Amino acid sequence: ASIIVMWFSRQREFRADSGGARLAGRQNMIAALERLNSLHPAPLPDRMAAFGISGGGASGLKRLFLTHPPLNERIQALRENN
């Protein structure tokens, strides 16, 4: 059940990004996520990785337990959705 809850959490982040882009402008939202990405360049320790907003460094089964999609994926999604 946790995997399903985490999937919904990641999808909610994409929807929140999209809503933020509609309110503040797509480029502003991309800039905000890029700024967050620059503040969190190093991956978190394995025990904490699932709770990080950057989502970086997780692969394989670990990705199923991420609460947030990797920031790079969120930025790319905003760039692709004109």
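Trainee: Are Glu13 and Arg74 buried or exposed?
Mentor: Both Glu13 and Arg74 are buried, a term that stands for under 20% relative accessible area, with exposed meaning over 50% and partly exposed the range in between, for a 1.4 Å probe and protein chains only. The model is predicted, so local features need pLDDT of at least 70 and side-chain atom pairs count only at pLDDT 80 or more, whereas totals for chains, interfaces and linings use all residues. Residues are numbered from 1 along each chain as its sequence is written, and side-chain values use heavy atoms, with hydrogens and water left out.

Trainee: How do you know that Arg74 is buried?
Mentor: Arg74 has a relative accessible area of 6%, which is under the 20% limit, and therefore the residue counts as buried. Of the 82 residues of the protein chain, 32% count as buried.

Trainee: What makes the contact of Glu13 with Arg74 a salt bridge?
Mentor: The rule asks for a side-chain nitrogen of Lys or Arg within 4 Å of a carboxyl oxygen of Asp or Glu, and the closest N and O atoms of Glu13 and Arg74 are 3.3 Å apart, so the pair qualifies. This pair links distant parts of the chain, with Glu13 in helix 1 and Arg74 in helix 3 (residues 71-80), 61 residues apart. Helices here are DSSP runs of H or I with at least four residues, strands are runs of E with at least two, and both are numbered from the N terminus; the protein chain has 3 helices and 0 strands.

Trainee: Which residues are linked with Arg74 in a network of salt bridges?
Mentor: Glu13, Asp17 and Arg74 are linked in that network. The side chains of Arg74 and Asp17 meet at 2.7 Å, N to O, and this pair also links distant parts of the chain, Arg74 in helix 3 and Asp17 in helix 1, 57 residues apart. Asp17 counts as buried because its relative accessibility is 2%.

Trainee: What distance makes the pair of Glu34 and Arg79 a salt bridge?
Mentor: The side chains of Glu34 and Arg79 meet at 2.4 Å, N to O. Glu34, at 35% relative accessibility, counts as partly exposed, and Arg79 is partly exposed at 41%.

Trainee: Which residues of helix 2 are buried?
Mentor: In helix 2, Met29, Ile30 and Leu33 are buried. They cover an arc of only 100° around the axis, taken from the directions from the helix axis to the C-beta atoms, which puts them on the same side of helix 2. On the other side of helix 2, Gln27 and Arg35 are exposed.

Trainee: Why is the aromatic pair of Trp7 and Phe8 called edge-to-face?
Mentor: The structure holds 1 aromatic pair. Trp7 and Phe8 form this pair, with 4.9 Å centre to centre and 80° between the planes. Trp7 is partly exposed at 41%, and Phe8 is partly exposed at 46%.

Notes. Phe/Tyr/Trp six-rings, centres within 6.5 Å; stacked < 30°, edge-to-face > 60°.
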